[in-house]
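Please open the structure in your viewer and keep the selection tool at hand. The stops below say what to select next and what is to be found there.

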Amino acid sequence: MPKTISQFDWLTILIYFLLVTIGWVNIYSASLDDTASSAFEFGQIYGRQLLWILLSVLLIVILLSLEAKFYERFASVIYIISLISILGLFFFGKTINGATSWYAFGSFSLQPAEFAKVATALALSKFISDIQTNIRDLSDQFKAFVIIALPALIILPQPDAGSAMVYAAFFFPLYREGLSGVYLIAGTIGVLVFVLTLVFSPIWVSIGATAVVIFLYFFRKRKKPGIIVYLSILIMAVALSFSVDYIFQNIFEQRHRDRFNIVLGKEVDNRGIGYNTNQSEIAIGSGSWFGKGWTEGTQTKGNFVPEQHTDYIFSTVGEEWGFVGSSVVIFLFIFLMLRIIHMAERQKSQFNRVYGYSVAGILFVHFFVNIGMVIGIFPTVGIPLPFFSYGGSGLWGFTILLFIFIKLDSDRMSFW
Amino acid sequence: MRKVLLYIIVITSGIIFLARLFYLQVMDDSFVGLSENNAIKVVYDYPQRGFIFDRNGELLVSNQPSYDVMVIPRNLKPFDTTELCNILSISTEQLVERLDKAKIYSPRLPSVVIPQLTKGEYAYLAEKMRKYEGFYIQKRSLRDYYTEHGANVLGYITEVNQRIVNENSYYLSGDLIGRQGIEGYYEELLRGVKGVKYIQKDRFNRDIGPYKEGIYDTLPKKGKDIKITIDSELQQYGELLMENKRGGIVAIEPATGEILAMVTAPNYDPADLVGRKRSENFTKLWLDSINNPLYDRGLLAEYPPGSPFKTINALIALQEGVVNTGDRFSCNGGYFYGRGRKMGCHAHASPLDMVPGIAQSCNAYFANVYRRIIEKYPTPQGGVDAWAGHLKSFGLGNYLGSDLSTGRPGKIPTSEYYNKIYDYPTYKWFSTATLSNAIGQGEVLMTPIQLANMTAAIANRGWFYTPHILKEVEGSPLKEEEFTQKKYTTIDPEHFEPVVEGMHQVYKAGTAAALQIPGIEIAGKTGTAENFTKVDGKRMQLTDHSIFIAFAPVDNPKIAIAVFVENGYWGGRYAGRIAGLMIEKYIKGEITRKDMEDWILKNSLKDEYMKPYSGEPFLINDGKKYGWVEKKPKRIN
């Protein structure tokens with residue numbers, strides 16, 4: 001047993017506890033009201049979160065005690081149970097803030113979507129690491145896609161677009177395992193065309209795209225694809241641009257349009273739809289270099305930023321700890337993700353590596369979308385900041401996600 | 001590539017985030033202010049305004065609580081509209097209209113539904129309002145007047161205007177400030193210092209406690225209670241006597257320079273500018289361009305002083321050594337000068353020396369005296385400037401520098417002035433061109449308070465204290481050097497006795513002989529001043545002003561007074577009587593000349609004031625048309 005303990009990646013565990021602690025300190029500030037006296041008041045938001053954190057420690061002990069093989073062996077079962085649990089929401093789910101994403105147990109609620117990510121990661125790892133699977137094969141690509149899309153499609157109409165969006169994170173392990181770069185290029189071009197279309201107009205995007213294609217066609221010397229390829233890319237880009245415009249103007253609801261417009265700086269209605277982003281920027285911006293001090297944030301105390309203890313927790317960091325504090329948090333996250341990628345790369349088993357990449361990818365999407373939203377460079381999408389945001393399911397979900405990987409990593413030598 | 005893609009993406013996004021954070025937090029300062037506006041509410045705690053007492057310790061002005069019915073629209077619950085309207089005594093439509101207005105202003109912030117209820121109305125409401133959720137009653141502090149008089153002395157309280165808010169950082173929009181009179185001049189003493197509380201707000205603008213445990217908060221400092229020099233009984237009596245007349249009275253205690261009374265007429269009740277009817281009343285006063293009740297004639301009206309000015313010319317002549325008290329000048333119904341020009345005079349014995357010259361107010365006598373003053377100098381310019389220099393030492397021709405928030409300099413012409421109007425040196429001018437200065441007509445203008453101060457200086461035989469209205473602040477006497485240092489005139493004390501004797505003779509046997517107050521020796525001087533106005537651009541002469549200056553008792557002056565009654569025919573007719581009554585009231589505390597008092601109270605000059613507005617030709621200085629019973633005396637100047 002002592003041998004096993006020394007094999008755990010303690011650096012990752014340390015960062016995990018740092019993030020969780022810093023997160024709780026900020027939740028405490030964000031949810032503080034003058035009536036409470038003790039940090040251990042479980043009626044208060046920070047009290048509950050503390051309870052969840054303490055329970056996570058128990059959870060971690062269990063996760064690390066289980067046989068590493070268990071996760072691989074039972075991946076499919078866990079996946080299926082998970083699918084059933086999110087399907088069950090349609091029948092037994094509890095609605096909070098308009099989304100039917102919770103099971104209620106007395107005064108506590110569980111959000112199964114937070115656990116479905118782990119299950120999907122396990123199932124995908126299991127599928128890809130199967131000796132039969134070749135990710136370059138189209139039919140296997142499709143199967144992998146189904147594994148990923150199934151939970152996403154079930155979650156999407158609950159409605160919880162944010163959680164569904166996270167499943168895009170599985171692109172990273174797939175690409176690492178050999179998924180064609182065409183998807184990456186196509187995806188990048190797609191996103192580029194999408195954003196540019198919204199900023200400018202389909203006409204300008206088409207003109208620009210034509211210019212770029214002509215340029216590439218005449219200046220690429222080696223391994224030059226045929227003119228047909230260039231033309232078809234151009235046609236697709238132009239078609240996409242026009243359809244994006246059409247979809248944006250005609251199929252999106254106003255609130256979706258607004259969310260994009262705020263980030264693109266096109267529309268500022270700081271009392272209505274832009275309120276969250278605006279208040280969050282004010283909170284962060286007023287932090288200056290060193291912040292206003294813990295529990296001294298006026299925006300935070302005044303509850304100006306809605307959902308500040310959950311999705312907008314980073315605005316508290318920005319206001320009360322300033323640029324220095326926010327940078328520390330950003331660095332911790334970056335370091336954690338790089339560490340996980342590094343750990344994934346050192347795995348001998350493909351299952352472990354795919355799972356590691358999934359963990360890094362999922363954390364990255366959460367990190368990017370959440371902080372991007374809070375600092376006003378990404379449209380408003382409601383997903384939590386890992387280890388930080390208030391919520392037991394979220395915390396447990398990420399804890400399980402991470403510590404399964406730590407367990408797998410500790411077992412990498414004895415794999416054979 | 002496959003191994004490094006996620007590394008690159010993670011690191012890139014980290015850099016982007018840090019850059020964005022750097023921009024938001026370090027480079028762009030605008031968010032700091034935004035967050036303060038957002039989250040910190042500043043609440044001011046207004047102290048009680050200081051009380052005002054008169055010189056005898058009688059309370060004139062205190063504060064009264066007033067109650068505003070407030071509403072926070074979003075807290076409203078359905079209620080019995082009819083009942084509430086009955087309680088508030090307004091119509092349903094008014095209530096609905098005000099609630100709609102409040103809702104438009106802000107659903108979360110309080111708005112006033114009914115302002116400034118009195119204590120009585122509040123007592124009745126306090127019980128009932130609890131039923132109505134969303135409504136509450138907010139207490140405010142207003143001025144409470146224990147006198148109906150002296151509005152011009154006290155001034156009033158009003159909301160600050162934007163200009164003051166811009167200039168003085170103490171005041172915020174909606175704050176109250178004293179204007180005019182005591183309230184204006186001693187605003188900083190009376191108002192105290194407001195306290196401030198910083199309160200942390202939440203996003204619904206609700207208070208959630210003091211900001212940083214209140215380390216930036218300050219306590220309010222109460223305004224200071226002050227005692228003013230006004231004798232409220234005398235003030236009240238003066239206003240009573242001035243009813244139905246226009247003009248001003250200023251009474252000064254010569255020994256101290258304290259203003260005992262300062263009456264302007266027409267005037268208004270100070271309580272009119274407080275409470276629910278304030279703005280309506282103020283507008284009414286403001287727009288009354290004929291009676292001009294907001295115009296303080298005692299301080300602002302620049303009148304030709306008329307004959308009282310002769311006393312000062314006599315003093316200057318004695319000081320300059322151009323006349324001896326025994327020098328006699330003859331009068332043939334006037335003074336003839338230049339090519340057949342004449343300054344008229346009335347019938348009296350001739351020739352006269354100084355004492356009877358003053359007593360009889362002989363124009364010819366003073367024309368001679370004045371010419372001797374001016375012609376003592378080689379040039380008329382030098383003469384006029386020497387003459388004006390003496391006058392300035394009496395506080396004439398410039399602002400007095402009293403502690404009243406307003407005033408006028410009056411006018412004493414100098415050589416510069418005459419050079420300009422006569423276009424010197426193209427044309428020359430001589431003492432005769434300025435001869436009307438001899439009798440206080442022409443270019444000389446004085447406000448009643450200047451005239452009263454001049455009288456006080458004569459009463460003191462050569463010095464005065466700058467007139468002032470503040471006596472004590474919280475029990476400690478006024479210490480301002482301006483008001484506690486004697487100001488000496490350029491006339492030596494010994495020259496005053498003949499002039500004082502002349503003024504005493506005015507009362508004993510001269511132009512004011514009809515004003516006898518038993519037991520009080522008065523020195524006085526009548527004045528009757530020609531005056532002109534413009535109505536619709538036409539210059540027209542009006543009935544003469546009635547002017548009187550006096551001090552008493554002659555040997556130990558307790559009061560010096562100047563009275564101007566516009567278009568009051570002649571000095572003794574209105575101003576003389578009023579001055580006599582005021583002196584008796586102040587010295588004796590009661591009136592024995594009831595006949596005189598009755599006459600003043602009975603007679604009105606309102607018809608006189610309407611004449612220029614009638615649009616028809618009218619007679620001036622002529623009683624017959626209106627059938628007055630009193631015969632015009634022979635000696636009127």
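Predicted model: local features only at pLDDT ≥ 70, side-chain atom pairs only at ≥ 80, totals over all residues.

A residue is called buried here if 20 or more other C-beta atoms lie within 10 Å of its own, and exposed if 12 or fewer do.

**Chain B as a whole**

Select chain B, where buried residues make up 42% of the 637 residues. Among the contacts in chain B between residues at least 6 apart in sequence, 71% join residues at least 24 apart.

**The largest nonpolar core**

In soluble globular proteins, nonpolar side chains tend to be buried together. Which residues have the most contacts inside the largest nonpolar core? Select A251(B), I561(B), V563(B), I578(B) and M582(B), which hold that place in a core of 124 residues. Then centre the view on I561(B) and leave aside the residues up to four places away in sequence; what I561(B) touches is I249(B), A251(B), A452(B), T455(B), I549(B), A550(B), A579(B), M582(B) and I583(B). Another core, of 99 residues, lies apart from the largest one, and its members include V20(A), I78(A), A360(A) and F405(A).

**Backbone stops in chain B**

Most residues other than glycine have a negative phi, and most peptide bonds are trans.

Select P266(B), in the loop between strand 12 (258–265) and helix 11 (278–287) of chain B. The peptide bond that leads from A265(B) to P266(B) is cis, with omega near 0 degrees.

Move on to P425(B), which has its place in the loop between helix 17 (415–421) and helix 18 (448–459) of chain B. Here the peptide bond from Y424(B) to P425(B) is cis, with omega near 5 degrees.

Stay in the loop between helix 17 and helix 18 of chain B and select D423(B), which is also found there. The phi of D423(B) is near 60 degrees, a positive value in a residue other than glycine. Is D423(B) buried or exposed? With 10 other C-beta atoms within 10 Å, D423(B) is exposed.

Now select Q180(B), in the loop between strand 7 (176–179) and helix 8 (181–185) of chain B. Q180(B) is a residue other than glycine with a positive phi, near 65 degrees. Q180(B) has 20 other C-beta atoms within 10 Å and is therefore buried.

**Chain A and a pair of its helices**

Select chain A, which has 18 helices and three strands. Of its 416 residues, 44% count as buried. Among contacts in chain A between residues at least 6 apart in sequence, 69% join residues at least 24 apart.

For the last stop, show helix 5 (residues 75–92) and helix 7 (residues 138–155) of chain A, whose axes come within 9 Å and cross at roughly 15 degrees. Angles under 35 degrees count as roughly parallel, and helix 5 and helix 7 of chain A are therefore roughly parallel to each other. Their crossing is left-handed. To see the contact itself, select S82(A), L83(A), I86(A) and L87(A) on helix 5 of chain A, together with L150(A), P151(A), I154(A) and I155(A) on helix 7 of chain A. Sorted by class, this contact has seven nonpolar residues, one polar residue and no charged residues.

Conventions:
Residues numbered from 1 in each chain as written. Chains lettered and ligands numbered in written order. Axes fitted to C-alpha atoms, helices over the stretch in contact; angles between N-to-C directions. Helix = DSSP H or I, 4+ residues; strand = E, 2+ residues; numbered from the N terminus. Parallel < 35°, antiparallel > 145°, perpendicular 65-115°, else oblique. Left-handed = near helix turned anticlockwise from the far one by under 90°. Contact = placed C-beta atoms within 7 Å. Nonpolar A, V, L, I, M, F, W, Y, C, P; charged D, E, K, R; others polar. Core = buried A, V, L, I, M, F, W, Y, C linked by C-beta atoms within 7 Å.
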